[in-house]
Amino acid sequence: MSREMETKALIVGGGVAGIQAALDIADGGYQVILVERTPSIGGHMVQLSEVFPTLDCPQCILTPKMVMCGQHPNIDIKAYCEIESVTGEVGNFTVKIRHKATYVDWDACTGCGQCEQKCPTKAPSEFNRELAFGPRKAIYSPFAQAVPNKRVIDADHCLKLTKDKCGVCAKVCPTQAIRYDMEDWIEEVKVGAIIVATGYELYKKENLTEYASDPDVIDGLEFERILCPSGPTAGVIKRPSDGKEPLDIVFVQCAGSRDPDKHFPYCSRVCCMYCCKMAMLYKHAVPDGQAYIFYIDVRTDGKMYEEFYQRGVEEDRIVYLRGKVSKIFRQGEKIVVFGMDTLTGKRVEVEADLVVLAMAMIPNPAGEKVKKILNLKTDEFGFITESHAKLHPVETGIDGIFVAGTAQAPKDIPETVAQAGGAASKVLSLFSGYERNKACA
Amino acid sequence: MKIPYYPGCTLKTKAKDFEDSAIAAARVLGIEMEELPRWNCCGTVYSLSSDDLIHQLAPIRNLIRAKEQESDRLVTLCSMCYNTLKRANEFFLADEEKRERIKRYLDDEIPYEGDVRVVQLLELLRDEVSMDAIKEAVKKPLTGLKVAPYYGCMLLRPASIGIDDVERPTVMEDVLRALGADVIDDPYKTECCGAYQTVSQKDVVATCAHSILTSAQGNGAEVIALSCPLCDFNLDNRQKEVQERFNGFHPMPVLYFTQLMAIAFGLDPSVCRFELSYNDPVPLLKSKGLIE
Ligand SMILES: Cc1cc2nc3c(=O)[nH]c(=O)nc-3n(C[C@H](O)[C@H](O)[C@H](O)COP(=O)(O)OP(=O)(O)OC[C@H]3O[C@@H](n4cnc5c(N)ncnc54)[C@H](O)[C@@H]3O)c2cc1C
Ligand code: SF4
Ligand code: SF4
């Protein structure tokens, strides 16, 4: 190879896919820039309560990896950043990165949190899925174990930035880190390879008009926050409308998935397992409660998954009803669910206290721009197309650009991590192959 | 605006209250609904036949009648007629082979290519008249009248011909709100009224009607508004059976949305033909000061 190769990788998206790929490349001896658009890496996995099939908590298994990323000499985390443009080709990409204004000088900020404590302004927390229980402040870090542990000011809510009032955080900050006049700035970096790991979002509940818009009809990630021992309810199961403990809870699988006529034809692949998981965790927290799960099929094909499901049915007495839910609405205190039990051929009506919709996984809309900038091919739903469905599962159509995690298709954590490792190994062989050739020449 | 109007059989008999109030109320908004000089059964009865071609002929003939009036639209009131006519036209447009066969049956008619669009009055109000224009025409706002709209199925299903979102329609709410009514959102507004089960299985219909009516009442409604004579029969007349079967049920009046329009526009209540209602709406309307 005649041209010099920049043996440094860029990873876009700091979910578990991006984190794993970054660690693998960094451990292999190459530099990594990990760009994350929110103030902390971690992605959706850190929002989860406990994860199937082993029911360990992401705080225990993911935060150590996040901290390793933060401390790794080869990893440069650029949080609260987005990709602005990319030019060049494999080995020599020039990337412009937008550093969004945090209004806090991160070199000075020690993460002490005094500003956050004193800030008088509350706003819905993205990390807590905007649940009524867990607002954040206008100056905040999304969660306690955030990496980097720095604060950002939310310009839409901060009193100083919206009305030129307050200014409390600047007064209390012991290191004078607050910069109300900060602006976005652009940095240019050069890298040899790129991994796109922008992840997923959940399809919006409002798209299913047969299900009422009601505070007690929530999606899976909202319920994960309510189940989470370190979440906004400290793991006490409460429903959003009135904080009561729900005694009958209904889960609706395939909400928007496997519905080619109106929504998406594909299977989101994690809902069967996480509904079972959430119903189990619910039963462990509310032993008198009853969980119902409406399903089309129960797909538990992973290692230890079927056994997990059997445990849910046998030990936690989850009632599985095979049929779709046609309607959900509030009647007084209750949320009424109209469904069908296709095994008995009977209509079923459940008067529930809380309903959890397993909404379809869709590509994270925040990743749209990245796909455009990189000219990546996607399927009709926006998932990045790999260059061969079987033999090139982490390559995109463009040399030097790889994909990992749910940006490619719905998948669970074990598969995401495996795919991230696969993408990292492609980058490693690209870089080390180049160095070996150079050494020979 | 002049627009050819297809009444259908029930509007000339049991649902005369729907027709009279609709024509009068539409006129206030500048819509002249001109009855087709000649029309036949909308075809809903034939649709019970198994042959998928023959039952399209009656509805298509009605559309041809509209074309003869040199119109590209035909307005209906009855939800069932709307559904039958609109679906027949869809069927006609969708499949060339079947279209040609239907055309061969209709060789006594002027040429027809599926170019008459079937609209229901609610659609016309929303898309061409506008809610603001309705608001302006109101003389006696229905203030304090708690109305629960009821759509049933024929206006909304299948989705391809529905006049609004199939699961969460709002057009009737918008019209009633423009009239000044207190609109009650009721989750049963798209549930089945029991339809033709009313002929042989009154029990089934009484059960359906009971759920729908008590849900609306539970949410505070005093009156139901709808647009289908069959729904009207099942929700109004069948209250007799509901009362026989369900203890403690309190009857409530059921009206066509056009009757409420006529009242709000300050028209003479005689156009509403309240005498055709099973549950007399007059005491309620009087108590709200809407009629003398
Ligand atoms: C309710 C629910 C429960 C679940 N429970 C389990 C479970 O128990 N066990 C299990 O194995 N799996 C579970 N999953 C699946 C699991 O969440 C995913 O497999 C995993 O989080 C995917 O990781 P990811 O890195 O691909 O995506 P994400 O976690 O979505 O991470 C993507 C990251 O990219 C960032 N990003 C997006 N766009 C940009 C951009 N333009 N620039 C920079 N950064 C960007 C995002 O901010 C985010 O941090 C569950 C899923 C749901 C919905
Ligand atoms: S008070 Fe200052 S140093 Fe402490 S977290 Fe806030 S900005 Fe950072
Ligand atoms: S200036 Fe803004 S961020 Fe700082 S304390 Fe006041 S409201 Fe909060």
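How many residue pairs are in polar contact between chain B and chain A? The count is eight residue pairs, both residues at pLDDT 80 or more, a polar contact being a pair of N or O atoms within 3.5 Å, where within protein one must be able to donate a hydrogen and the other to accept it, and residues adjacent in sequence count only if both atoms are side-chain atoms. The model is predicted, with local features requiring pLDDT of at least 70 and side-chain atom pairs pLDDT 80 or more, whereas totals for chains, interfaces and linings use all residues. Residues are numbered from 1 along each chain as its sequence is written, chains are lettered from A and ligands numbered from 1 in the order in which they are written, and side-chain values use heavy atoms, leaving out hydrogens and water.

**View 1. The interface of chain B and chain A.** Nine residues from chain B and 13 residues from chain A make up the contact, which is defined by heavy atoms within 4.5 Å. About 860 Å² is buried between the two chains, 40% of it on carbon and sulfur atoms; buried area is the accessible area (1.4 Å probe) that two parts lose on being put together, summed over both. Of the area that chain B buries against chain A, 58% is supplied by Glu167(B), Arg168(B) and Pro187(B), more than by any other three residues.

**View 2. A salt bridge between Lys262(A) and Glu167(B).** The closest N and O atoms of Lys262(A) and Glu167(B) are 3.8 Å apart, and the rule (a side-chain nitrogen of Lys or Arg within 4 Å of a carboxyl oxygen of Asp or Glu) finds two salt bridges across this interface. The side of chain B that touches chain A comprises two nonpolar, three polar and four charged residues, with Ala, Val, Leu, Ile, Met, Phe, Trp, Tyr, Cys and Pro counted as nonpolar, Asp, Glu, Lys and Arg as charged, and the others, Gly among them, as polar.

**View 3. The disulfide of Cys57(A) and Cys60(A).** One disulfide (a pair of cysteine sulfur atoms within 2.5 Å) is found over all chains, and it joins Cys57(A) and Cys60(A), whose sulfur atoms are 2.5 Å apart. The link of Cys57(A) and Cys60(A) is right-handed, with 70° about the S-S bond. Cys57(A) counts as partly exposed because its relative accessibility is 21%, while Cys60(A), at 51%, counts as exposed; buried means under 20% relative accessible area, exposed over 50%, and partly exposed in between (1.4 Å probe, protein chains only).

**View 4. The cysteine Cys42(B).** The sulfur of Cys42(B) lies 4.1 Å from the closest cysteine sulfur, that of Cys81(B), which is too far for a bond. Cys42(B) is buried, its relative accessible area being 5%.
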